[in-house]
Structures are given as structure tokens and as C-alpha cells.
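Here are some notes for a first look at this model. Please keep the structure open while reading.

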Amino acid sequence: MTDSEDQQSCGQRRKQPVDALQLGPRKRPSAADPLVHYGRHFGRTIHALCNFQALLTNGILRMGELAEIPEENFTAEERREHRVFQELLKSVAGLEERLMQGGDEEVDVVAELLTKGASGARGDNTKSLKGSMLDWITPKGQNLVPPLARNVKIDRGFHHERTGALLCPAGLDWSHSETKAKLQSGEIIVTGDQWPLFLYADYHYDSEDPWNGLFRSALLAYKHVFTSPSSVDREPKATRSGNARIHGMTRITLPSIAYIATQVQFALTSSPVFLRTDTVTDSERFYTSILDIFEDPDEKQEVDDLAVWWNRQIFPSYSTAQRPLVKNSALARIREKRAQMKEALVPDGVDNNA
């Protein structure tokens, strides 16, 4: 279906079940609007590959004619989609009212503006990381052999020793000549849920403890995207506020880690353009597989620990906020006295915790 046919069938599409958490068709960008700004942040921190048209349409249905249907009647994917929709409503003031009072055309406009923002942010980060990635993967005091071009990716991926080693799926041995040859020839097809070594701290994978170091790699350039490119290896020099400060971020979001990982994976590959249908990078499956484990209740302890670790890397004040009060400090004494006053006000025989 062409773009024009897709636009003409817009009304029909709304009546059909559409997966909102898969990247939708490309559309022409609209004029500047605050929703573009929100779309940029939403794509980086909540869900990077949304079909906003379907997300809004399905979300409105859930708030309206499907509101009485019990939550358990929806599939896991539909429940995730609705959580993403609710996050969108919370992040954009007045959006719910705008959607509920507007007609189909208003939904189309909102979806297009959000899509423009998310796509633009993804494109900007893809462009920025393409060259910077070479600086980070080059050993200090050495050169990549053979050298890699900063603006052309054709020689990256499994075609190059350095990028190939980083993209090699955990559990496979890149130093094994037969494995390397099969990865280079495509005889071994790597799917998005076969996570590469670059996700691990020091690029080391422990099959007996697969969570050890996972998503804690120095190559996951969170600061490059959310603080400033100059802050990756040192104190930031940028005079403009970074994306985190612009949007009032005080802690990381788990989807933002998946977003950074997906950007790094793409920067290491030989694919020149980010496409949802690219079977080489399999970026959508890669991204959603990371979201899956972040949302898995069985992995909650490891995921919570990971979030704390990242918050301490990115937001110094977060670490301060988690520290216990120093004994005998003024603040500690204030808290202690307040607790004593509350306790004195509770009548005898009444459970204060009831």
C-alpha cells in the first residue's frame, strides 16, 4: 500500500485491529507544534517504535465503548499498549481533552505530530551516534584496522573485526574462525532477541549468571543522548540544556535504556538506514525483547537493581536522595522530634500503623 492509499483508508483502518506498538507507515511531517516536542521525548523514554495512529485510536476506544470490558479480557500486548497510551496522556497536558472532544481529523493531526517528533529524535540520534561510536570502540592510543569511515557504514557489522566482536551474540565465540565466517556470510542468522556482547559490562557474558553486567556496558551512551554528547567521557561542556533537563527528567526510564541499546546496535551494524523491516538489524524485535524482560515480574529484582545503577550514573542527585540521614544532623533531629510528637498524640491502646 502506498502512502496516499494509506491516508485514504485512514477511516477504515481505525475499525480494524492494529498493533500500536509496531512502527507505522511514514508520513509527511507537519508544521511545528508543541506535540512534536513531546513526541521527541516520548519516543526516547516511553516507546520508540509506536504507530501513534493506532495507539490513539485504540486508546480512545478503551476509554469509551470498551471501558466496561475487564482488564483481564485483553491480551498482554493490548494491556501494554494501553499502559503506553496512558503514559502519553500523563506526559502531555490537555491531550486527553483534545482527543475526546476532537473528531477523527484531530486524532490524525495529533498522531502525525507525535510521529514527526519521535521519528525526528530517532533520526537525530542515529546521525549523531554514527560517528561518535567509532571514537568509543577504538582502543585508546590505537587505530581501528582496517579504518572505518565516520559517515559510511558499509564496512561495519560482521564485516569488521571490532564491530563484529561487539555484535556477536552472547554465547557465541567470535574468535572461533568457523563461527565468524558463518556470521559474516549470513549462514548464522542473528535475530533481535539474540542479544550481543556489547550490552555487557566489559563485553563479558557469563552463561551461569546471564544478568551479571547486562545493560551496564560503557558503550550504552545514555549521557550522549540525554545529557550532552560532550558528557560521555567527562564533565559536559555544552552550553545548551540536555534532553533530560529540558524535559524535567530526574531519573531514567526503563524504555530509555532499550532505546539507547537499539541506537547503539544500529550504529554498529552496516545498515545505512533505520527500517522496521530490516532483517539484518531486526531492530524492532531487539527493542521489544528488551522491554519484555524489563516488564517480566520474575525479573523485577534484577530490573530494579539495574534502574538504581543507571540512576546513579546519570543523575548524581538521585544517589544523594537515597543515602540514609546522618545521625545527629539537624535534619535527622527534626525527623526524630516529629516522630516523637506524632507518637505522643496517639491515644493509648490505638495502633499507630492501623
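1. Start in helix α5. Lys 90 and Glu 87 sit three residues apart there, so about one helical turn separates them. Their side chains form a salt bridge, with N to O at 3.3 Å. Lys 90 counts as exposed, at 63% relative accessibility. Glu 87 is partly exposed, at 32%. Bear in mind that this is a predicted model.

2. Arg 80 pairs with Asp 292 in another salt bridge, at 2.3 Å from N to O. This pair links distant parts of the chain: Arg 80 belongs to helix α5 (residues 76-91) and Asp 292 to helix α13, 212 residues apart. Arg 80 is buried at 7% relative accessibility, while Asp 292 is partly exposed at 42%.

3. Which residue forms a salt bridge with Arg 40? Asp 124 does, with the closest N and O atoms 2.8 Å apart. Asp 124 lies in helix α7 and Arg 40 in helix α3 (residues 34-45), so the bridge ties together parts 84 residues apart in sequence. The whole structure has 13 salt bridges.

4. The largest nonpolar core holds 53 residues. Among those touching the most other members are Phe 198, Leu 199 and Tyr 222. Helices α7, α8, α10, α12, α13 and α14 each supply at least two core residues. The largest share, nine residues, comes from α12.

5. Last, the surface. Glu 208, Asp 209, Glu 302 and Asp 305 form a negative patch. Glu 302 lies in helix α14 (residues 300-314) and is partly exposed, at 30% relative accessibility.

How values were computed. Residues are numbered from 1 along each chain as its sequence is written. This is a predicted model: local features need pLDDT of at least 70, side-chain atom pairs count only at pLDDT 80 or more; totals for chains, interfaces and linings use all residues. Side-chain values use heavy atoms; hydrogens and water are left out. Patches are made of residues with over 30% relative accessible area and no salt bridge: like charges are joined within 9 Å, nonpolar side chains (Val, Leu, Ile, Met, Phe, Trp, Tyr) within 5 Å. Accessible areas come from the Shrake-Rupley method with a 1.4 Å probe; for residues, only the protein chains shown count as cover. A salt bridge is a side-chain nitrogen of Lys or Arg within 4 Å of a carboxyl oxygen of Asp or Glu. Lys and Arg count as positive and Asp and Glu as negative; His and the chain ends are not counted. The place of a charge is taken as NZ of Lys, CZ of Arg, CG of Asp or CD of Glu. Helices (H or I, at least four residues) and strands (E, at least two) are DSSP runs, numbered from the N terminus. Buried means under 20% relative accessible area, exposed over 50%, partly exposed in between (1.4 Å probe, protein chains only). A nonpolar core is a set of buried Ala, Val, Leu, Ile, Met, Phe, Trp, Tyr and Cys residues joined through side-chain atoms within 4.5 Å.
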